[in-house]
Amino acid sequence: MFRDVLQRLGIQEVNSGVYAGNWVKQPSGGEFESFNPATGKPLARVLTASRADYDQAVESCQRGFETWRTLPPPQRGEIIRQLGLAIRQKKKDLGMLVTLEVGKVLSEGEGEVQEMIDICDFATGLSRQLYGRTIASERPLHRMFEQWHPLGPVGVVTAFNFPVAVWAWNAAIAAVCGDSLLWKPSPQAPLTAIATQHIVNQVMADHSMPGIFNLCISHDASVGRWLAQDRRMPLVSATGSCEMGRDVGQKVAARLGRSLLELGGNNGVILAPTANLDLALRAILFAAAGTAGQRCTTLRRLFIHESLADTFIQQLVQAYQSSQVGDPWEDGVLMGPLIHETAVQEMLQALELAREQGGEVLCGGTRLERAGYFVTPTIVRAPGGMPIVQTETFAPILYVMTYQSLDQVIREHNSADQGLSSAIFTNDLLEAERFLSATGSDCGIANVNIGTSGAEIGGAFGGEKETGGGREAGSDAWKAYMRRQTCTVNGGGELPLAQGVEFSLPQI
Ligand code: UN1
């Protein structure tokens, strides 16, 4: 059954990992295998990019940009609409491939593909709304306005946990803005990227536009490093760890390029006394254990008001214990495997540290005795100030703490190095507003009575502090992919200078 899925998506036993306006037949950067994390077995092989293959992809991107930017934005939007339709047709297969390659449960695999479709729809509408402003000029008969032009080829580095949705956020928006793309996907999810590239290619072939979306896979950080240092790429959009982002951000800044960073999160939820506890329980379970704790929006720190702690923690432990861990393509399973062995080891080490620091593991904390990288979702009761709570471990570990006052807990909540997503569960309007106020949550996303994960594409997505400050997807995130031009036109016969400056020769 899985072979059929791979076949329908154009995946072969050995696949080129470089698309530079056409598939590079024998990329020469070496070969590696992509594994199914639920079985530990290989799915298919990928040939990776050498520096020469990379240069070819960048050149294709540059050539693509020359034509693409001349197309009126609504025409670009029409092509992205067609891309959305093509992805709709492959939703089930591509969702299954996400499940096979990165281990998220089927409903989440398909949800990820839905996120691609949604952003294509959004971008189609956006293509008619790349609005500039008209600005009141201080000079008579002068007109001031700003307009937005395409920026250039954009490098997009994506992580394994959202192997295609995050590419689509960047790709659909950048494309309607008139940019071409070079995609460097995660080495943990190369097949999902190759399958997506096949879908894109069909659509772009219909318009004889081969060089707009390009692909360059490497097994290590080399392509990411080349992108970061490459002056031909005015923007590098990178999703991944804070460590990766610090490196990319510094390298891009050193050449005064632009980076758009979407990095880690150490997301918190405050459970206040008036919260609807049934709703909160379901939301917390999904946010903390969903996707096996491998979202950047995963809930990692739960602050419970002390009046609720004992009963709520008991209910949460029960919910965790009845959540099924197993093959992510099976019905009823809520949690699939972690991505690889290192992720399992990092989780177990974090739990060791937590125990040493006085944490009590209330449930989970084990590895399943079977092939693949399965662990049980874990709750740790954490004494205040436990250092490990400040570390984002990409695994289903939820640290639970209690609090007394809202002011105190907001301070503690904001003490994390990252600032991606946050939420409060309360039916008290004043508490909710306090959380959303300027002295409340310091994160890029702040929710009330909704978990930290599962954001819609219509909003701008990203966060503050070590999360990197970038915003992707909806709202006006498109502005990052364009260059702004401020224009002043003198429609009168005089030359008045701004700020009332006089500068004229008496004889003219
Ligand atoms: C990520 O984990 O990198 O809000 C992105 C969410 C998803 C996107 C997560 N829509 O959880």
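Predicted model: local features only at pLDDT ≥ 70, side-chain atom pairs only at ≥ 80, totals over all residues.
Helix 4 (residues 91-102) packs against helix 5 (residues 106-126) with the axes 7 Å apart and at an angle of about 125 degrees. The two helices are therefore oblique to each other, and their crossing is right-handed. On the side of helix 4, the contact is made by Lys91, Lys92, Leu94, Gly95, Met96, Val98 and Thr99; helix 5 contributes Leu106, Gly109, Glu110, Glu112, Val113, Gln114, Met116 and Ile117. Seven residues of this contact are nonpolar, four are polar and four are charged.

Across the whole structure, 23 salt bridges were found. In one of them, Asp55 pairs with Arg232, with the closest N and O atoms 2.8 Å apart. This pair links distant parts of the chain, 177 residues apart: Asp55 belongs to helix 2 (residues 51-68), whereas Arg232 lies in the loop between helix 8 (222-229) and strand 10 (235-239). Arg232 has a relative accessibility of 24% and so counts as partly exposed.

A further salt bridge joins Arg367 and Glu341, at an N to O distance of 2.7 Å. Because Arg367 is located in the loop between strand 14 (360-363) and strand 15 (378-381) and Glu341 in helix 12 (residues 341-356), the pair ties together parts 26 residues apart in sequence. Arg367 is partly exposed at 30% relative accessibility, as is Glu341 at 31%. Salt bridges with shared partners also join Arg51, Asp55, Asp230 and Arg232 into one network.

Arg69 and Glu66 likewise form a salt bridge, their closest N and O atoms being 2.9 Å apart. Arg69 is partly exposed, with 36% relative accessibility, and Glu66 is partly exposed at 45%.

Definitions and conventions: Residues numbered from 1 in each chain as written. Heavy atoms only, no water. Axes fitted to C-alpha atoms, helices over the stretch in contact; angles between N-to-C directions. Helix = DSSP H or I, 4+ residues; strand = E, 2+ residues; numbered from the N terminus. Parallel < 35°, antiparallel > 145°, perpendicular 65-115°, else oblique. Left-handed = near helix turned anticlockwise from the far one by under 90°. Contact = heavy atoms within 4.5 Å. Nonpolar A, V, L, I, M, F, W, Y, C, P; charged D, E, K, R; others polar. Salt bridge = Lys/Arg side-chain N within 4 Å of Asp/Glu carboxyl O. Buried < 20%, exposed > 50% of the residue type's maximum accessible area, 1.4 Å probe, protein only.
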